[in-house]
Amino acid sequence: MQKFQNRVLQCINKYNPDMIYFDDTVLPFYGATTNPNDQYSLNILQHYYNHSASQHDGVPQVVVTGKILEERHKQAMLWDVERGIPDRCQELPWQTCTCIGGWHYSKSEGDNNQYKPAEQVIRMLVDIVSKNGNLLLSIPVRGNGSIDNNEKRIVAGIKAWMDINGESIYGTRPWKVYGEGPLFDSANPLNAQGFNEGINYSAEDVRYVVRHDTVFATIMCWPSRSDFTFESLGKISPYYAGQVKSVRLLGYGEVGFEQSVDGLQVILPSTKPNEIAPVFAIAFDPDAANSLSLGEVIEFYEQKVNELAEQASNNTGKPNAMKVAAFLQQINDAKSLLAGSEEEQAATIARLHSAYTILKQNGFNPAGTPDEVGKTDVTLDYLIERSLRGIRAPDYGDDSQAVHCQYTHEQVCR
């Protein structure tokens, strides 16, 4: 341990490294000795920071990484996650270390192209950065220091995306919320020091970052449709950041958009500037407020609840009339606090946002649920409605009687 300490101290003094990567739980020899005088790894840490501070006007400019850190350790070191990504944004900066293949070069992997493709690397990078992390990516090299042609192709694919979208990565910081979509609330626990990569991102998953006054929104895969809605940028979103002034697709230019109650809808061009993931730079009107008053929130929610009330019925998939009415009552109750304190109004806004989120999740009729008012034989109605969704023409032997399949769902119900 003494010899190891001295070698690392010599490395620091001679080469002034910007980062020391320890492939250890916390620090080398952590927990290996109960003697309080054995402070070898702490001596390294202390000397490294002091050495850097002496060269930078008293402010250390170096990084030390460690794995499986407790919260107290993260105050002094950078948490490194091996081949994995936390499923939530982290308050303090952290890092993923991973490799496109094995940690050491394998001729079999190279010959059979068993590497992470550029698409997977980029989507991991976007996810990591949105959660306040950094990606340390290894490209395994042959014994002579070269990389194979498959690795060159992957590196070129990473570079092609970064050349267009680098401004959404470098110098950015986490936004109010790191993302939205199917994976946003899902749990993906780490295994020991990490090992939970291989996430299956979809065209519904979004990741956000911010730099200065610009929010960058990345859709993790290209959607197949011609438009996309970012719910977190809607006028009644708890993350509302102001009136959107312009939307620019990186590598393409400005695109059409509409900011509504439920989100920011952007138009996707037919020409793709890259094949991996589109990134939108969203700028806000500096003269407009970047938050909503309680009165404005109530107004927007009233508009939305009126739309839902018009659609409400007992049919499968339609807004549930009783749940819509209950949300309307919460809106009306909120009006009594329009003259309340800032704290009361802020708490009321938060309650309305939470109630609307619950309504979106649970406020629509699933198939086979009973009619609360007891006036409709909904079981039969739901069975008919669900069977019509996948209706196929019976085999009559000719096409003369198959025309009924061209009727719409509503026509058949009538």
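Tutor: Contact means that heavy atoms lie within 4.5 Å, and helices (H or I, at least four residues) and strands (E, at least two) are DSSP runs, numbered from the N terminus. Residues are numbered from 1 along each chain as its sequence is written, and side-chain values use heavy atoms, with hydrogens and water left out. The model is predicted, and local features need pLDDT of at least 70, side-chain atom pairs count only at pLDDT 80 or more, while totals for chains, interfaces and linings use all residues.

Student: Which strands stand at the edges of the open sheet?

Tutor: The sheet has 5 strands in the order β1-β2-β3-β4-β5, with parallel pairing, where two strands pair if DSSP finds at least two bridges between them. Each edge strand has a single partner, so one side of it is left without a neighbour in the sheet. The strands at the edges are β1 (19-25) and β5 (133-138).

Student: What angle does the direction of helix α2 make with that of β2?

Tutor: Angles run from 0 to 180 degrees between N-to-C directions, and axes are lines fitted to C-alpha atoms, for helices over the stretch in contact. Helix α2 (residues 40-55) packs on the sheet, where it touches β1 and β2, and its direction makes with that of β2 an angle of about 155 degrees.

Student: How many residues of β2 are buried?

Tutor: Strand β2 is also joined to β1, which runs parallel to it, by 4 bridges, and Lys67 in β2 stands opposite Thr25. Buried means under 20% relative accessible area, with exposed over 50% and partly exposed in between (1.4 Å probe, protein chains only). By that rule β2 is mostly covered, and of its 5 residues the number buried is 4.

Student: How far apart are the axes of α6 and α7?

Tutor: Leu294, Ile298 and Tyr301 are among the residues of α6 that meet residues of α7, including Val324, Phe327 and Leu328. Helix α6 (residues 294-311) and helix α7 (residues 321-334) pack at an angle of about 160 degrees, and the distance between their axes is 10 Å.
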